[in-house]
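This report is meant for a reader who is meeting the structure for the first time. Please look over the sequence and the model shown here before reading on.

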Amino acid sequence: MSDYNFAYLDEQTKRMIRRALLKALAIPGYQVPFASREMPMPYGWGTGGVQVSAATLTPEDTFKVIDQGADDTTNAISIRKFFEKTANVGTSEKTEEATIIQTRHRIPETELQEGQILVYQVPIPEPLRFLEPRETETRRMHALEDYGLMHVKLYEDIARHGAIATAYAYPVMVQDRYVMDPSPIPKFDNPKMEMAAIQLFGAGREQRIYALPPYTKVVSLDFEDHPFDPSKAEHPCALCGAEDSYLDEVITDDQGTRMYVCSDTDYCESRRATGHIGTEGTQPEEVFA
Amino acid sequence: MTPLLSVKNIEKRYGARIGCTGVNFDLFPGEVMGIVGESGSGKSTLLNCLAGHLAPDQGSVTYDRTSTGPVDTVTMAEAERRMLSRTEWAFVHQNPRDGLRMGVSAGGNVGERLMAVGARHYGNIRETSTDWLGRVEIADSRIDDRPSAFSGGMQQRLQIARNLVTGPRLVFMDEPTGGLDVSVQARLLDLLRGLVREMGLSAIIVTHDLAVVRLLADRLMVMKDGNVIEQGLTDQVLDDPQAAYTQLLVSSVLQV
Amino acid sequence: MIRIENLSKSFVLHNQGSATIPVMKDAQLSVAPGECIALTGVSGAGKSTLMRMIYGNYLANAGRIMVGDVDIATAQPREIISLRRETLGYVSQFLRVVPRVATMDVVAEPLLAIGTPADQARDKACSLLQMLNIPERLWSLSPTTFSGGEQQRVNIARGFAHDYPALLLDEPTASLDAKNREVVLSLIDAAKTRGAAIIGIFHDEAARDRVCDREVDVTGFTPQRAA
């Protein structure tokens, strides 16, 4: 371990990122610019999240990484291994055991507690970007709370599709002040953002950090007559039978047969371990339990 | 009677060059004032200073705000000025592309100002948008079409609907009929006259077209090289011009 | 109602060697409510000029033009505008309107401007057009394509739509046939009866004798040519 400083980044960089994190926590939903570093992985693979995790980790932490809810995808495994190697911290796939959870595109089904930190990987932090391409103008709009345009997008959705068609990266209003992009989590996860844990958002390529302190008010934008609807597929999980979790649709053959399974692998396994078995599920073997 | 807009000694320079200088006037509620002059006379510079798009180097622009009474819009905070410009003010650009969101449907364009001031009921927003499209003579079947599919005259009418939907008190217009066919212009002029009368609007209209100001404006200001040459009642300035430049301007108009 | 004192006016033509052309000097005139006076004098004596000065269309150089309690010579544009809307009507020889606006709406406009409900304003407009023998099929068309006589009658209808306390009439009966001339004269009589102060220019002597109480020769106000 003498080849690397603890958790890869040098202390000056960590200090810079922590300052950005503190500022972000002080102004919930505000995008703080930071000097994003080159990381040993390509942009789009979670460089923002990794830098935030690296600046946040202490040797006593237990680290968990999920990618679309799963602990076992290439991306999740390589980031987990990266910190096992450079920080020598303990890792876990159990949501309740982890103190820092880095995530791409999901919030775990198990409710997070005080003392936990959720780190999001963010591709495009600016919720107004696709409506207003000029950064100078979007900044001014945030500064002046000039958010009419945000609802124009939702209006266009309803005019064209009859309902708000945005299903992920659904914009939220933070503490009645800043409109924020929650990263591309499904809108099903939006209500969970009012949580006990700290939420940190890192966008590496775009060089922005933002944050939500515990119990921050987070409201999904909507219309009175088209209220926000955190819907999901109307099925139970085929493996664990859960009716309350966000599901992935899996095509199982060339005839288009499909099954719906929990996207949160840890949640699904824990349920099966305690005897909840869906139509296609089996109890996990003891060795994994 | 308190003027709606009181302009005192406005000056704007571009380096050593004068944009406009020494402009003074009071605009009262319900008045429509025209500003005429040739290209480069400073009329657009002045309009942008009045509407808060440009910061003047000198002078004050005092607006009689509904909630608070007279305020200097030159020194007020940007946030307040923006709030004014989406509630009590409106700005109609010469080129509708500058005043419309070309990628957003006609209904969305009209609804934006409503949503910006807090409207959150889709059905009501749509109803108001439909109503306003009707008032500017755009069929409600076009509500979900983008302005890029509209003719120039329709785009300009859409821009007017988008601006007037929140019931502003003061409208700034920069060559509102420029670039339109004469026949389309006539229809637009009639529409504007009707709206000004029905809504009790005050307006400042910049144009180089003397026929337009004769039909729309109660009062006229003539500018040249950044200075106000003459001002007064529109028909008086046009029929009995006092300044040499105005006499030249009026006598230069081709008779149809 | 209308009182003119020591009114003087000259045109300065800056682009023609700054030639100064004095057109009026020390004009005096007074019209009481219910009175109609005719301006007379040879062509070019300044009848129309005086009329236009009273309307605020031409600027006065000196003197006073009191209409009610407003001095037109020194009033702010907005005072003149509100005076023209409420108090002072003007029937000119020329019709100036936004193209493509229906005749009925052209006539109703002065009423709409003072806040008369639209249907009431239209009713009044229709009855005036009827009275002046404008065929009903033309009401929804723009008057810009009408004949000279029709335009003149539309102009008169517009001028009489609102009951102005003071009226300026520039050749109201010119280019009208006997029947319509009679209608216009009866309109003027009616206006006098309700107490309007009227100043008119009538080349038609018979008409002048019928409605006018007094004649004022503006030649008396014409400055002597400086030799």
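## Basis of the report

The structure described here is a predicted model, and every value in the text should be read with that in mind.

## Two domains in chain A

The domain assignment divides chain A into domain 1, which covers 11-220, and domain 2, which covers 247-288. The C-alpha centres of domain 1 and domain 2 of chain A are 27 Å apart. Between these two domains of chain A, 14 residues of domain 1 are in contact with seven residues of domain 2. Together they bury about 730 Å², and 33% of this area lies on carbon and sulfur atoms. On the side of domain 1 of chain A, the residues that lose the most area to domain 2 are A:Gly69, A:Lys94 and A:Glu109, which together account for 41% of what that side buries.

One salt bridge is counted between domain 1 and domain 2 of chain A. A:Lys94 forms a salt bridge with A:Asp266, and their closest N and O atoms are 3.3 Å apart. Polar contacts across this interface of domain 1 and domain 2 of chain A comprise six residue pairs, with both residues at pLDDT 80 or more.

## The interface of chain A and chain B

The area buried between chain A and chain B is about 1800 Å², with carbon and sulfur atoms giving 57% of it. Three salt bridges are found across the interface of chain A and chain B. A:Asp146 forms a salt bridge with B:Arg82, in which the closest N and O atoms are 2.9 Å apart. Across the interface of chain A and chain B there are also 11 residue pairs in polar contact, both residues of each pair being at pLDDT 80 or more.

On the side of chain A that touches chain B, the elements that give two or more residues are helix H4 (135-143) and helix H5 (148-161) of chain A. H5(A) supplies the largest share of that side of chain A, with nine residues.

## The interface of chain B and chain C

Where chain B meets chain C, 26 residues of chain B are in contact with 25 residues of chain C. The area buried between chain B and chain C is about 2200 Å², of which 54% comes from carbon and sulfur atoms. B:Arg197, B:Leu233 and B:Asp240 are the residues of chain B that lose the most area to chain C, and together they make up 25% of what that side buries.

Five salt bridges are counted between chain B and chain C. B:Arg197 forms a salt bridge with C:Glu109, and the closest N and O atoms of this pair are 3.8 Å apart. The interface of chain B and chain C also holds 10 residue pairs in polar contact, with both residues at pLDDT 80 or more. The side of chain B that touches chain C takes two or more residues from each of several elements of chain B, namely helix H7 (182-199), helix H8 (210-216), strand E10 (227-233), helix H9 (234-239) and helix H10 (244-251). The largest share of that side of chain B, eight residues, is given by H7(B).

## An antiparallel sheet in chain A

In chain A, three strands form an open sheet in the order E7-E6-E10, and their pairing is antiparallel. Strand E7 (178-180) and strand E10 (218-220) of chain A stand at the edges with a single partner strand each, so one side of each has no neighbour in the sheet. Direction ignored, neighbouring strands of this sheet are turned by 30 degrees against each other on average.

Strand E6 (residues 172-174) of chain A pairs with E7(A) in the antiparallel sense over three bridges. Within this part of the sheet, A:Met173 stands opposite A:Val179 in E7(A).

## A parallel sheet in chain C

Chain C has an open sheet of five strands in the order E6-E7-E8-E3-E9, with parallel pairing. Its edges are strand E6 (88-91) and strand E9 (214-217) of chain C, and because each has a single partner strand, one side of each is left without a neighbour in the sheet. From one strand to the next, the twist averages 20 degrees.

Strand E3 (residues 36-40) of chain C and E9(C) run parallel and are joined by four bridges. C:Ala38 has C:Glu215 in E9(C) as its bridge partner.

Technical notes: Residues are numbered from 1 along each chain as its sequence is written. Chains are lettered from A and ligands numbered from 1 in the order in which they are written. This is a predicted model: local features need pLDDT of at least 70, side-chain atom pairs count only at pLDDT 80 or more; totals for chains, interfaces and linings use all residues. Side-chain values use heavy atoms; hydrogens and water are left out. Two strands pair if DSSP finds at least two bridges between them. Axes are lines fitted to C-alpha atoms, for helices over the stretch in contact, and angles run from 0 to 180 degrees between N-to-C directions. Domain bounds come from an automatic or database domain assignment. Contact means heavy atoms within 4.5 Å. Buried area is the accessible area (1.4 Å probe) that two parts lose on being put together, summed over both. A salt bridge is a side-chain nitrogen of Lys or Arg within 4 Å of a carboxyl oxygen of Asp or Glu. A polar contact is a pair of N or O atoms within 3.5 Å; within protein, one must be able to donate a hydrogen and the other to accept it, and residues adjacent in sequence count only if both atoms are side-chain atoms.
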